[in-house]
Structure formats: structure tokens, C-alpha cells
Amino acid sequence: RSAGRALLQDLGITYPAGTTSNSNVVREYQVLGMPTTYFITPDGNIHETWTGLLTAEKLTELVEELLEASANS
């Protein structure tokens, strides 16, 4: 855990990030690789999942889609 926290700090990550030792979580959320990012609407539904690194352009696109979906939910 300390190595993971150090990596997040080194990368300047400020958004929520987590880990688990429960293999059921990986299976249930269908985590296929690292990093995996989930875009969740305010009502708790998973709108989109992205596996791998995100470019600034792709992140902007996915966040805009999430905002639109969130406004319509």
C-alpha cells in the first residue's frame, strides 16, 4: 500500500484511487488491466469503463459524455 500511495503522490494524482485484496472485486467489476477507470453517474450507475492510460483528449471526451448522461438521469 505504501508503494501505491507513493506512486500516486509521484504522479500527482488527486482524484479518488483505491485498491483491494479481495479478488471478487476484480471479477465483479471485470477489471481487465491497470489502470482501470470507472465513470459513475450521480445515481451510482457505471456509465463507462476505460482500461489503460487516458490521454487528456480522451479523458475530456469521456467526462463530457458522463456530464451529459448525468444531466439526463
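Helix α1 gives the most to the lining of the largest pocket, contributing five residues. A pocket is found on a 1 Å grid over the protein atoms alone, as an open set of points where a 1.4 Å probe fits, with protein on both sides within 12 Å along at least five of seven lines; its lining residues have an atom within 4 Å of a point.

The model is predicted, so local features need a pLDDT of at least 70 and side-chain atom pairs count only at pLDDT 80 or more, while totals for chains, interfaces and linings use all residues. Residues are numbered from 1 along each chain as its sequence is written, and side-chain values use heavy atoms, with hydrogens and water left out. The pLDDT, the predictor's confidence in each residue on a scale from 0 to 100, averages 90 over the protein chain, and 100% of the residues score at least 70. Confidence is lowest in α2, with a mean of 88, and highest in α3, at 95.

The protein chain holds three helices and two strands, arranged along the sequence as α-α-β-β-α. Its C-alpha trace spans about 40 × 30 × 20 Å along the principal axes. Of the 73 residues in the chain, 10% are buried, where buried means under 20% relative accessible area, exposed means over 50%, and partly exposed lies in between (1.4 Å probe, protein chains only). Helix α1 has 10 residues and the number buried is zero, so this helix lies largely in the open. Just after α1 comes Gly12, with a positive phi of about 75°.

The largest pocket holds about 1400 Å³ of space, a volume being the space filled by probe spheres set on grid points that are joined across faces, edges and corners. Its lining has 30 residues, and Tyr15, Ala17, Gly18, Pro35 and Thr36 lie nearest the centre. The elements giving two or more residues to this lining are α1 (2-11), α2 (23-28), β1 and α3 (56-71). By type, the lining comprises 20 nonpolar, eight polar and two charged residues; Ala, Val, Leu, Ile, Met, Phe, Trp, Tyr, Cys and Pro count as nonpolar, Asp, Glu, Lys and Arg as charged, and the others, Gly among them, as polar.

Thr36 belongs to strand β1 and counts as buried, at 19% relative accessibility. Its side chain reaches the backbone oxygen of Gly33 at 2.5 Å.

The two strands come next. Strand β1 (residues 36-40) pairs with strand β2 (residues 46-51) in the antiparallel sense over five bridges; strands pair if DSSP finds at least two bridges between them. Thr37 has Trp50 as its bridge partner in β2. Together β1 and β2 form a hairpin with five residues between them, and Gly44 in the turn has a positive phi of about 90°. Thr41 sits in the loop between these strands and is buried, with a relative accessible area of 8%. The side chains of Thr41 and Asp43 are joined by a polar contact of 2.3 Å, a polar contact being a pair of N or O atoms within 3.5 Å; within protein, one must be able to donate a hydrogen and the other to accept it, and residues adjacent in sequence count only if both atoms are side-chain atoms.

Methods. Helices (H or I, at least four residues) and strands (E, at least two) are DSSP runs, numbered from the N terminus.
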